[in-house]
Amino acid sequence: MLLSINLNKIALLRNSRGSNYPNLESFALKALDMGAEGITLHPRPDHRHATSNDVINLSKIVKDYGAEFNIEGNPFEEKTGDYLGFTELIKICEPTQATLVPDTLDQITSDHGWTSGSHDQNLIGTIKLLKSYANRVSLFIDPTTEGVDYAHSMGADSIELYTENYAKTFKKIDSSSLIETYKKTIIFAKSLGLRVNAGHDLNLENLPALKKLNLIDEVSIGHAIIVDALNYGFEDTIKRYIQITKG
């Protein structure tokens, strides 16, 4: 299981003071030096955390390091103000992975996966275009076989399973049935040749149970890592997550 560190919250903290402190590049390199395999950024048009320049700068740094760079965002977000537009950023950066999420601008964070709608043909065309620039294109979906079918029909190479429901219910109820649902969904996805990622609210407590499935290719974690870093320090926190993903 690969570990990609989402640095949006570092960017958010930096932006709150209007300077370059904390420095995004230094934290990216720290995470990679500690053993993380990739870095994720999810720029939004309002640049409330990661900016277009952050994406461009980190893309080069991470690729020069030899690690994976993942850009998340709504593929239909066009240039507005200083935001260059999602497709344009993919063209400029040529990332390892482009993860497409159906976010709207007023969402605090991603809270649902893609489903069929009037955007289907546009999404198919966009995925085809992005494949010319990114090594793979991943769709953020709810953990259902219907979601997997949809991602496959759109032409995605990979899926990212939305794990908030799992994370919220972990330890509150017996999560074994929910984990079994994830297992069946992942096995179905792999039968269609899809790579499987997972992310959203995963942390040191709930990640090990998913790791035990030995089926997930990559997890992207940001918020929990920054929260844990308040207790353990950033480098020690990365070590703790790597112990799980490599265990």
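Glu68, Arg136, Arg195 and Glu218 are linked in a network of salt bridges. A salt bridge here is a side-chain nitrogen of Lys or Arg within 4 Å of a carboxyl oxygen of Asp or Glu. The structure holds eleven salt bridges.

This is a predicted model: local features need pLDDT of at least 70, side-chain atom pairs count only at pLDDT 80 or more, and totals for chains, interfaces and linings use all residues. Residues are numbered from 1 along each chain as its sequence is written, and side-chain values use heavy atoms, with hydrogens and water left out.

| Pair | Closest N to O |
|---|---|
| Asp54 and Arg14 | 2.8 Å |
| Lys190 and Asp217 | 2.9 Å |

Take Asp54 and Arg14, which form a salt bridge. Asp54 lies in helix H3 (residues 52-65) and Arg14 in helix H1 (residues 8-15), so the pair ties together parts that are 40 residues apart in sequence. Helices (H or I, at least four residues) and strands (E, at least two) are DSSP runs, numbered from the N terminus. Is this pair buried or exposed? Asp54 is buried, at 10% relative accessible area. Arg14 is buried as well, at 6%. Buried means under 20% relative accessible area, exposed over 50%, and partly exposed in between (1.4 Å probe, protein chains only).

Lys190 pairs with Asp217 in a salt bridge. Lys190 sits in helix H8 (residues 176-191), while Asp217 sits in the loop between helix H9 (207-211) and strand E8 (218-221), so this bridge ties together parts that are 27 residues apart in sequence. Lys190 is partly exposed at 32% relative accessibility. Asp217 is partly exposed at 26%.

Asp236 is partly exposed, with a relative accessible area of 30%. Arg240 is partly exposed at 31%.

**The nonpolar core**

Which residues have the most contacts inside the largest nonpolar core? They are Ile39, Leu100 and Leu139, in a core of 71 residues. A nonpolar core is a set of buried Ala, Val, Leu, Ile, Met, Phe, Trp, Tyr and Cys residues joined through side-chain atoms within 4.5 Å.

Leaving aside neighbours within four places in sequence, Ile39 is in contact (heavy atoms within 4.5 Å) with residues including Leu7, Leu32, Leu58, Val62 and Phe69. Glu68 is also among the contacts of Ile39, and Glu68 belongs to the salt-bridge network with Arg136, Arg195 and Glu218.
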